[in-house]
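Have the model open beside you as you read.

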Amino acid sequence: MEHKSLTIFTPTFNRVHTLPLLYESLRIQTCKDFRWVIVDDGSTDRTSSVVEKWIEEKLVDIEYHFQENSGKMAAHNFAVDKSDTEWFMCLDSDDRLADEDTVADCLDFFRQADSEDICGIISYKSFGSGHNVFPKGMEKVHLEELRRAGFMGELVMTMKTSILKKHKFPKFGNEKFVTDSFLYERLDKDFSFALMDRVVQICQYNPDGYSYNYRQILFSNPQGYRAYHNQRIALGFSGKIKSAICYDAISVRMGFKGFFADAAAPFLYLAMLPAGVVKYLLDSLHLRTFRSLS
């Protein structure tokens, strides 16, 4: 198998209707120094047959893997294990690369910016109508610095594969989701990220996607959600009050099971508990309203 520099990983579940646009954005790349690794998370549509047709076309180097429905993070860990490239980028099934020179420009930048103290590259994700820009004067940062400087936009995280192999997404019982930030913020304490001032991905939110259903997904995966906010406080990230309220809200959802287990700030959690109860009630109301309208 020919060695490639970049893995483009796509987790997918019943997205045969969005994958062709993504495939087209990969097919037209001027630089083919990448492998598209698709992990099918238990699709019941025609995903496998459509991807098989693309593999036969040999216009893009594609690896297709099928797994029983286990969630995006399990698919991510699996793809990392399979990857032998230097760099690893996640491109969701409803995203696409920005233009035909995206891979070429990314790899040029990655090689110039690479150093031992960085774990990845941060670039822009756009929704087709512009995007927020990085603060001036920043070239290599920690995520916490970027937030404190006021950047609030969506990010594309292209990581060193060698680091991802040593730092996987954690598993919480039978849950299938934990936010991407759980891993990236943990790495942020030991490494920095280089900033690439370029739009790399164009995306859209779909009604069946993670982003659109984010609150419902968090409520369905409470252990990971609570562990994430506990970690944020343990690592010293800003927004401790907000994280404590989120920790309390999901603890109410869990019937306070494990409330004090490994708690990073037990007294803060107790102090914020009334606000956490209110947030839980508001989130529950939002979910009931959302479901009634769906």
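## The second largest pocket

The second largest pocket holds about 300 Å³ of space. A pocket here is an open set of points on a 1 Å grid over the protein atoms alone, with protein on both sides within 12 Å along at least five of seven lines, and its lining residues have an atom within 4 Å of a point. Grid points are joined across faces, edges and corners, and a volume is the space filled by probe spheres set on the points. This is a predicted model, where local features need pLDDT of at least 70 and side-chain atom pairs count only at pLDDT 80 or more, while totals for chains, interfaces and linings use all residues. Residues are numbered from 1 along each chain as its sequence is written, and side-chain values use heavy atoms, with hydrogens and water left out.

To find this pocket, look for Phe172, Gln223, Arg226, Ala227, Asn230, Tyr247, Met254, Lys257, Gly258, Ala261 and Asp262, which line it. Helix H9 (residues 222-234) gives the largest share of the lining, 4 residues. Helices are DSSP runs (H or I, at least four residues), numbered from the N terminus. By class, the lining has 5 nonpolar, 3 polar and 3 charged residues. Nonpolar means Ala, Val, Leu, Ile, Met, Phe, Trp, Tyr, Cys and Pro; charged means Asp, Glu, Lys and Arg; the others, Gly among them, are polar.

## H9 and its partners

H9 packs with helix H10 (residues 240-253) at an angle of about 155°, their axes 9 Å apart. Axes are lines fitted to C-alpha atoms, for helices over the stretch in contact, and angles run from 0 to 180 degrees between N-to-C directions. H9 and H10 are therefore roughly antiparallel, the word for angles over 145 degrees, whereas those under 35 count as roughly parallel. The contact (heavy atoms within 4.5 Å) includes Arg226 and Asn230 of H9 and Tyr247 of H10; these three residues also line the second largest pocket. In total, the contact has 7 nonpolar, 4 polar and 3 charged residues.

H9 also packs with helix H7 (residues 181-188), at about 20° and with axes 10 Å apart. That angle makes H7 roughly parallel to H9. Ser181, Phe182, Glu185 and Arg186 of H7 meet Gly224, Ala227, Tyr228, Gln231 and Arg232 of H9. This contact divides into 3 nonpolar, 3 polar and 3 charged residues.

## H1 against H2

Which way do H1 and H2 run relative to each other? Helix H1 (residues 19-27) and helix H2 (residues 47-57) pack at about 15°, with axes 12 Å apart, and that makes H1 roughly parallel to H2. Leu19, Pro20 and Tyr23 of H1 touch Thr47, Trp54 and Glu57 of H2. The classes here are 4 nonpolar, 1 polar and 1 charged.

How many cavities of 30 Å³ or more does a search of the whole structure find? The search finds 1, where a cavity is a set of points at which a 1.4 Å probe fits but cannot get out. The largest cavity has a volume of about 30 Å³.

Around the largest cavity sit Thr7, Arg35, Val37, Glu63, Lys82, Ser83 and Asp84. By class, this lining has 1 nonpolar, 2 polar and 4 charged residues.

Key
Helices (H or I, at least four residues) and strands (E, at least two) are DSSP runs, numbered from the N terminus. Angles under 35 degrees count as roughly parallel, over 145 as roughly antiparallel, 65 to 115 as roughly perpendicular and the rest as oblique.
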